[in-house]
Amino acid sequence: MPTKPTLDKLSWQWAETTDPENVSQENIRTAYRLNLPVCKLGVCKRHCKGNPFCINCIGEKVWFGKIDDSSWHDIQDPTDERRRPGMSVGLKNLGATCYVNTFLQLWFQNENIRKGVYEWREMGADLGDPDSWEPTSVCSHLQVIFGLLEMSYRRYVDPSEFIKHLGLDAGQQQDAQEFSKLFLSVLEQNLAEGASLHSSNIVKEQLCGKYAYVTRCSKCGMASERLSEFYELDLNIQGHKTLNEAMKGFLEEEKLEGDNQYMCSMCNCKQDASRAIELKKLPPVLNLQLLRFVFDIKTGSKKKLNSCIQFPDVLDMSEFMPPGVAAMYELNAVLIHRGPSAYSGHYVAHIKSKDSQAWYKFNDEEVEKIKGKSLQLGSEEDLETKKQKSVKAIKGHHASKNAYMLVYTLRSNESKIDMDICDSTSDTVAYENGQPMLTNENVNNCCSNPSNSVMERNNIHDNCSPSTSYSSQPTAQNEIRKAEAMSYSEGKGKKIKDGNGIDKSSVMAAKLLPANVVKYIEKDNAKFENWILEMDGMREENIAKGQEKQETVKAIYQDLAYVKEDGNKYEWLPMSWFGKWLNDPATAPEIDVTKLCCAHQKASPEMCLKMKCVSQRGADHLFSIYGGSVRLQGDESLCEICVKNRCNLIRTKIRINEDDKFISSLMKKGFPEEHKLYWIGKRSYRSWKRLAVEQLNAAEQKHAEMNSAALTDEENDSNDNVKNEIIESNDHQNEEQLCIQSDSVENNIRNMCEISASDQSIHATENSSTENNKRSPKFNPTKSKSAPSVSNTDYCSKQSENNDHDDCVQFNEDLLCDVHSGLDPDPTCRKLVPECVWSKLKRYFPDCPEFELECGTCEKCMANIVAENKYRDENKHLASVQKACLVDLFYDRKRPANINPNESVYIVSGEFIDNWRKFIKDPVKNDPLPTVVNSILLCKHGGFLYPPDEIQGLKSDSKVVYVTADEWQIMKDLFTVDCEITKVCMMENDSKTIETFPKVCDDCLQMRLCNEEGELYEYERGMLYIRKQLKQDMKGVSNMLENNDSSTDDPEFGEKVASATNKKRGSTGLTESYEPPEKCSKTNNNSRMVRKSQRHRKMRGEKEVTISSKDTLKDLKLEIMRLFSVPPFDQNLFINGRLLEDNTKSLFDLRVASGSVVDLIADEPNEEMTFLEDFTKETTTPESGFKGTNLLKT
């Protein structure tokens, strides 16, 4: 098959030698490419874009290949939610409840605590219906959670009812250490109130230890101590690198000396003493809280300490206990807080199995067994934004920047450490010779070996069984529960089986848990199994429907293939619709071919590449399923009119190319001057080919729209049979008309030109009256004076320069003047061509404007040009006269500085002076000013708005300009004045008073000042310039700020002016005058003055900040932090020596104007840079903690 460009050329190659009236049916089929061979299904390796019979490689291969079952549905495999064999169950994170999940997993893995929770009984719980039982207390909720963690079929369980019962906000992260303390207290209280006496003190037995606050007199050695219980040791890690150092810091001795001396009861006076904490009893499970979250006094908020701490696998507490007491602990769990801030992050627990010594990572729903037998925290530590050098821990130790709680368990071969030698009601212990009196009761019995952990019992691949059975239920009661569980499983759910890997542990848990809790868990498992069956059924149903859809698509696609035996039974379908259909047959839209039809409601030959020719048999099947209003079937769908029009266009383009070669050759060779010559626009000459083709296309488009409108009208007035006859008749008439018109290309184009020319003439007539005076809007004979004239060539060049930017709309209209449709006076916009060239162009544009060489230019335009040149000359002369009379005012020099007694200075509007200077600089572009408008300086009451005290003497600015009496007299001669404003120095009792006439209006003055102040301090995208300075005292900052804008050598304004010590320049009156003081600055030696720059000069290291006046000082500091990497709390910002304070105030309230220079003085950098995140999240709402929850109500 030839390539697509080759097929495009061959489909219309016949039109180069065939006249439109001789187009045959074979030519029409060739234009639609129906003469190409038919591509068989599956033969082409790629899609033949130029062949309408090729429907290969359009997306059908997906349907003929093997489709994966997962493609027919979007339902995830429900078995993924099933508990994996040998793995523990996770807990769902409800938003910000990860801190609760870590502690629940930690307490659940402690088998003694779990056993104590299981043995707890709720008063009266057995009296109700077990099927409708719901947990109502903390312990019953915890029984359900622990029971689900042990016996659930699910991969993770939902603790939402437990969280709701505690009254916790699932979307707010709380302090994990505080939660642990509060919940253990609540749990211990609820266990003590339960029906089971065996487990009432299990929390205390497992977690509670004792230490004493010992104060010892340095003189007599008398020691006094106060016993206290602890459930966890709070270790300060700031300044410590190892756990051993933190423990020593916790037990460090404190000296009581000087004003802090201890009142010794033995000495009966104040003595120097020492105070320390001494461990008396260590629990079987030792919880060590690493105080990572501390309160920062400087910021007034919490922050996290990200310092690294090392801790061992085996912790020897013997050195912190009395001599002879062994206390070896093994690391059992590490709780991690991931994140640099105390206000965000994520909690994860790492817990070790006792028997296999394997570590498990509990991350909410995900439970992962860590490879190997050693703890691996690497993934939890690679969370810093900047890579920091990792701390290498010694052998047998671990290092972490995120661990906030360590859990150690007593080795099974160690004795329970109990140094409690006194009665439980006693608060003090007597010492003999500085040592406690020990008895045989000081050391308790050895701890019993705990049973295998849940993680090990859950592993069905391990053949180990629990070492002990902790069932305390009577045998008969156990048999009853087994029967109830079996009955429930047979009736509503599935029996707990080995396939879930929990049968061994579930049997033991069922013996300890209350019957209603076991039934509650079995109901949840049955519900889960039913959900899996339902999801599997939906998956199978979707897969069956998908496979049926696949077979249907394959059958329809095979029926679409056209073969030569079908003959005229073919149909055109959009290629774009095939893509949608094969992508998803269920969402394929209705078949719409209207966009591919020509104006005659047939298949457009220009759109045949966007259609495919298929068999009518397959098309009928598609239309029966998806529907469609218009169908293009057989040879009747081929548009003969469009083919003939395209043939006519091709022939016309060939003729245009031939004429272009002739014209270009003749114009290059030149032509004799005696030939008859015509004017043609240069732009029309350059683009005449494009204009000819556009006119031909426009004529064809208009002809097609007329035919389409006629067809629509006839269809609305006839039935279906009559409509078909009228359409055929109209098509036949159109063919005859086209054949007649195609005899002469010029006739076809002339018809279009007549329509467009008539429209243009009507438009020109309507606009001629309104545009008659556009060329001379500035002409004013009464103000003009004699001056040199502007040449006509300059004007014409300018006109040509402007016109070159626009394309010529109609041929040869670019040489017409804009208003009168005469020959444009500008000779640069046109050129001469001989009569033979003009005659060829005239064939394509018969109604274009025609001007022979002898034709004159537009007289009205020439008159306007003369008047405008005269007007410009008068303005130039007027500007030169005014400049000569007011040269000092124009250059802004010799301005009045002081007023002598009984003298006057006149005030002129600064806006008038600015516009007047623009006119003097360029009198051609700017109009002369006839009137001095001073009324804008007055209020509505006629009072002056710029009093002397407000404008600092005679300082001119953009509002007012001061002129001398002589200059004012000249201005009155040159201009008309609407009102006169003077400033007079009057002598009264040897004192000077300056007054203005008219008087100042105080009310309007205050209103003006308020409006100007608002404009100064209110902005949306203002610019502030930040300069970082070295730290110094405020006096130095103030001096620096006073001089930072001055310069003794400004490169932009370097010209020198008269020295202040020289004689004053000559003046036309008695008023003293010299350079305006606001534009001059003295050098250090006061020997000369230089002109001062009025623009901001950027200094080295200065940076810009774009900000709004509505933003707060805190927002500005955050922007500065991004530019200079200085924390907001280390920033001291000054404007003109004024310190900016209060981060909550806006820049408007702090009176920070746009364009101000802000000096930044940074304090010493903070060692803990992570508090920046806390600063950005700082809120004015105080932390409520667990206030309002059930953890505090009890």
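Is Arg-843 buried, partly exposed or exposed? Arg-843 counts as partly exposed, at 28% relative accessibility. Here buried means under 20% relative accessible area, exposed means over 50%, and partly exposed lies in between, with a 1.4 Å probe and protein chains only.

This is a predicted model, in which local features need pLDDT of at least 70 and side-chain atom pairs count only at pLDDT 80 or more, while totals for chains, interfaces and linings use all residues. Residues are numbered from 1 along each chain as its sequence is written, and side-chain values use heavy atoms, with hydrogens and water left out.

**Confidence**

The average pLDDT of the protein chain is 75, and 72% of the residues score at least 70. The term pLDDT stands for the predictor's confidence in each residue, from 0 to 100. In residues 1033–1093 the pLDDT is below 50, and this stretch has 89 contacts in the model beyond near neighbours in sequence. A contact means heavy atoms within 4.5 Å. The pLDDT is also below 50 over residues 1165–1181, a stretch with 37 contacts in the model beyond near neighbours in sequence. Where pLDDT is low, the predicted coordinates should not be read in detail.

**Salt bridges**

The structure holds 37 salt bridges. A salt bridge is a side-chain nitrogen of Lys or Arg within 4 Å of a carboxyl oxygen of Asp or Glu.

| Asp-8 | Arg-33 | 2.2 Å |

Asp-8 and Arg-33 form a salt bridge. Asp-8 lies in helix H1 (residues 4–11) and Arg-33 in the loop between helix H2 (25–31) and helix H3 (61–64), so the pair ties together parts that are 25 residues apart in sequence. Helices (H or I, at least four residues) and strands (E, at least two) are DSSP runs, numbered from the N terminus. Asp-8 is partly exposed at 26% relative accessibility, whereas Arg-33 is buried at 5%.

Lys-204 is partly exposed, with a relative accessible area of 32%, and Glu-229 is partly exposed, with 37%.

Asp-659 in helix H18 (residues 640–669) and Arg-843 in helix H24 (residues 835–844) are 184 residues apart, and the pair links distant parts of the chain. Asp-659 counts as buried, at 5% relative accessibility.

A network of salt bridges links Arg-216, Glu-225, Glu-278 and Lys-280.

**Backbone**

Most residues other than glycine have a negative phi, and most peptide bonds are trans. Phe-997 and Pro-998 are joined by a cis peptide bond, with omega about 5°. Pro-998 is in the loop between strand E35 (991–997) and helix H29 (1002–1017).

Ser-1125 has a positive phi, near 60°. Ser-1125 sits in the loop between helix H31 (1113–1124) and strand E41 (1131–1135), and Ser-1125 is exposed, with a relative accessible area of 59%. Arg-1151 has a positive phi near 60°. Arg-1151 is in the loop between strand E42 (1138–1139) and strand E43 (1157–1162), and is partly exposed, with a relative accessible area of 31%.
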